[in-house]
Amino acid sequence: MSSRSPCSIPTSRPIPLKSSVLRTALVACLASAVTWTAVAAPVDDAVTELQRGWEVARYQAPAAEREKRYEALAERAHKVSQGFPGRSEPLVWEGIIVSSLAAERGGLGALGLAKQARTLYEQAIDLDGRALDGSAYNSLGVLYYKVPGWPIGFGDKERAKTLLQKALALNPDGIDPNFFYGEFLVESRHAEEAIPYLERALRAPARPGRAVADSGRREEARALLEKARGR
């Protein structure tokens, strides 16, 4: 997540140290930095809570409980997104949760949720596409290859490929972009091309605080790698 302070004092010429302009700018800068720190910590904590809730629902909860867990998480995520309108990360996680709910619910009734998730990812990219190592690009790409194409849905394999490759460019060693690009290739009948990406997903460095998700994703990568190898 980005921790950059929005404070900066651009100038095209030196300002004397005793200048009242500089003193005023420094005071404003310090005030801005304090405000930024106060905002950053709560949003990071809120996003971490959503992330952990999703991991439990996805990898640890009984299948019969997942839909209700995703529904509750989606409501919580929406409140977080509304509470921090200038941040991309809550929108990414709201999109992931809504996408998961759509997959769990299935059928044509899930299409509305998929469209909602698409909008959330697009909003996140508009704010900061690089947030969370480009996860919005990755998740939006997954939507485009999972959702049926016209006339039923908005699925688009070429659009999916472009987005997934952009996510890989931002996070080339990450477990998720390599896994999902590998999955895309398998589902697009290019299983042999998927093998190096799935192998890279298995070699991906552990993510701090993401042990549950990493373990679950590696299991998925192993199973898909076996399929890609024709075993």
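Is Glu49 buried, exposed or partly exposed? Glu49 counts as partly exposed, at 44% relative accessibility. Here buried means under 20% relative accessible area, exposed means over 50%, and partly exposed lies in between (1.4 Å probe, protein chains only).

This is a predicted model: local features need pLDDT of at least 70, side-chain atom pairs count only at pLDDT 80 or more, and totals for chains, interfaces and linings use all residues. Residues are numbered from 1 along each chain as its sequence is written, and side-chain values use heavy atoms, with hydrogens and water left out.

Stay with Glu49. Its side chain meets that of Arg76 in a salt bridge (3.4 Å, N to O). The pair links distant parts of the chain, 27 residues apart. Glu49 sits in helix H1 (residues 20–59), and Arg76 sits in helix H2 (residues 63–83). Helices are DSSP runs (H or I, at least four residues), numbered from the N terminus. Arg76 is also partly exposed, with a relative accessible area of 35%.

The structure holds 16 salt bridges. The term covers a side-chain nitrogen of Lys or Arg within 4 Å of a carboxyl oxygen of Asp or Glu.

Now turn to Asp176. This residue is buried, at 17% relative accessible area. Arg217 forms a salt bridge with Asp176 (2.8 Å, N to O). Arg217 lies in helix H9 and Asp176 in helix H7, so the pair ties together parts 41 residues apart in sequence. Arg217 is buried, with a relative accessible area of 7%.

Arg207 forms a salt bridge with Asp176 as well, with the closest N and O atoms 3.1 Å apart. Arg207 is in the loop between helix H8 (191–203) and helix H9 (211–228), while Asp176 is in helix H7 (residues 175–187), 31 residues away. Arg207 is partly exposed, at 23% relative accessible area. A network of salt bridges links Arg58, Asp176, Arg207, Asp214, Arg217 and Glu220.

Leaving aside neighbours within four places in sequence, Asn138 is in contact with Leu164, Ala167, Asp176, Pro177 and Phe180. Contact means heavy atoms within 4.5 Å. Asn138 lies in helix H5 (residues 131–146) and is buried, at 7% relative accessible area.

The largest nonpolar core has 60 residues. Such a core is a set of buried Ala, Val, Leu, Ile, Met, Phe, Trp, Tyr and Cys residues joined through side-chain atoms within 4.5 Å. Trp93, Ile97 and Leu143 have the most contacts inside it. Beyond its neighbours within four places in sequence, Ile97 is in contact with Leu50, Trp54, Tyr70, Leu73, Ala74 and Ala77.

Note on methods. Helix = DSSP H or I, 4+ residues; strand = E, 2+ residues; numbered from the N terminus.
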